[in-house]
Amino acid sequence: ACSSYRLRDALHPLWQSPLSIPGGTRQSPINIQWRDSIYDPFLKPLKISYDPTTCLHIWNNGYSFLVEFDDSADRSVITGGPLENQYRLKQFHFHWGAINEWGSEHTVDSKVYPAELHLVHWNAVVYPTFEEAVMEGNGLAVIGVFLKLGEHHEGLQMLVDALPAVKHKDTVIEFDVFDPSCLIPSCPDYWTYAGSLTTPPLTESVTWIIKKKPIEVDENQLEAFRMLLFTSDGEEEKRMVDNFRPLQPLMNRTVRSSFQ
Ligand SMILES: COc1ccc2c(ccc[n+]2C(=O)c2ccc(S(N)(=O)=O)cc2)c1
Ligand SMILES: [Zn+2]
């Protein structure tokens with residue numbers, strides 16, 4: 001099975017990933033089988049404190065659109081949960097499908113959501129730079145939030161209104177006050193497991209924290225994601241859709257839950 005996943009991974013059109021990830025034993029995303037997850041009473045509540053003025057800009061990097069933050073100090077941080085240290089917010093981005101039937105990277109009991117939000121943090125207590133943290137087993141912590149089709153999301157709309165300005169790859173727009181905690185469900189329940197980046201360099205440096213509850217967004221907001229382009233201005237247009245990595249084998253890993 002592992003050779004086929006590596007081949008499938010290498011062949012997957014979007015992620016021209018190396019044929020095999022050296023020692024790839026903790027790759028992401030995975031299917032979270034609710035009944036196989038283990039309740040861990042020692043897991044603490046996740047403590048999130050973001051300073052909205054650390055928001056810098058929105059950037060189309062050709063994979064997704066990223067909202068980047070000033071991570072030069074401990075101003076937007078998370079701690080607690082499964083984490084041994086405090087982690088600094090660097091960026092958040094999304095993965096989504098061409099239609100509402102698919103789009104998320106992680107699945108829960110094989111249920112796919114139309115999109116998934118990733119809030120990317122790095123361990124600035126132990127590592128001097130993000131680039132170094134990306135290469136270390138405890139370097140990154142990513143909060144994953146599922147998006148489901150439903151009510152209009154006021155907080156997301158501020159982002160959606162800015163997307164036409166970053167339609168093409170390598171475009172950026174200033175975005176100077178935004179509190180990403182409005183995109184995180186208030187329900188404290190999450191799953192956590194040891195995984196990897198889901199785009200190159202696919203390094204096995206991520207403590208994943210996947211929120212149990214999704215947030216609701218409406219059809220127009222999902223459609224706004226789909227009008228972005230993978231391509232630069234002047235190139236033949238390729239809509240930015242299906243920017244998710246295929247599921248990876250769980251191998252020798254346990255998914256813990258913060259709830260019973
Ligand atoms: C050292 O060179 C790098 C390092 C990191 C890079 C990257 C290119 C894209 C994204 N990143 C990321 O930081 C990155 C990639 C994937 C994810 S994910 N989808 O949350 O796993 C988060 C963050 C290149
Ligand atoms: Zn991601």
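**Stop one: the largest pocket**

Begin with strand β7, which gives the most to the lining of the largest pocket: four residues. Bear in mind as you look around that this is a predicted model. To find the middle of the pocket, pick Leu66, Gln91, His93, Leu197 and Thr199, which lie nearest its centre among the 21 lining residues. The space itself has a volume of about 410 Å³.

**Stop two: Glu68**

Now go to strand β5, residues 65-69, and click on Glu68. Is Glu68 buried or exposed? It is buried, because its relative accessible area is 16%, below the 20% cut-off. Show the neighbours of Glu68 and you'll find contacts with Thr54, Cys55, Leu56, His57, Trp59, Lys90 and Gln91, leaving aside residues up to four places away in sequence. Zoom in on His57: its side chain makes a polar contact of 2.8 Å with that of Glu68.

**Stop three: the second largest pocket**

Next, select Pro82, Tyr193, Ala194, Thr207 and Arg256, the residues nearest the centre of the second largest pocket, which has 16 lining residues. Its volume is about 230 Å³. Which strand gives the most to this lining? That's β12, with three residues. Both β12 (190-195) and β13 (206-211) supply at least two. Colour by class again and look for six nonpolar, seven polar and three charged residues.

Methods
Residues are numbered from 1 along each chain as its sequence is written. Chains are lettered from A and ligands numbered from 1 in the order in which they are written. This is a predicted model: local features need pLDDT of at least 70, side-chain atom pairs count only at pLDDT 80 or more; totals for chains, interfaces and linings use all residues. Side-chain values use heavy atoms; hydrogens and water are left out. Buried means under 20% relative accessible area, exposed over 50%, partly exposed in between (1.4 Å probe, protein chains only). Contact means heavy atoms within 4.5 Å. A polar contact is a pair of N or O atoms within 3.5 Å; within protein, one must be able to donate a hydrogen and the other to accept it, and residues adjacent in sequence count only if both atoms are side-chain atoms. On a 1 Å grid over the protein atoms alone, a cavity is a set of points where a 1.4 Å probe fits but cannot get out, and a pocket is an open set with protein on both sides within 12 Å along at least five of seven lines; lining residues have an atom within 4 Å of a point. Grid points are joined across faces, edges and corners, and a volume is the space filled by probe spheres set on the points. Ala, Val, Leu, Ile, Met, Phe, Trp, Tyr, Cys and Pro count as nonpolar, Asp, Glu, Lys and Arg as charged, and the others, Gly among them, as polar.
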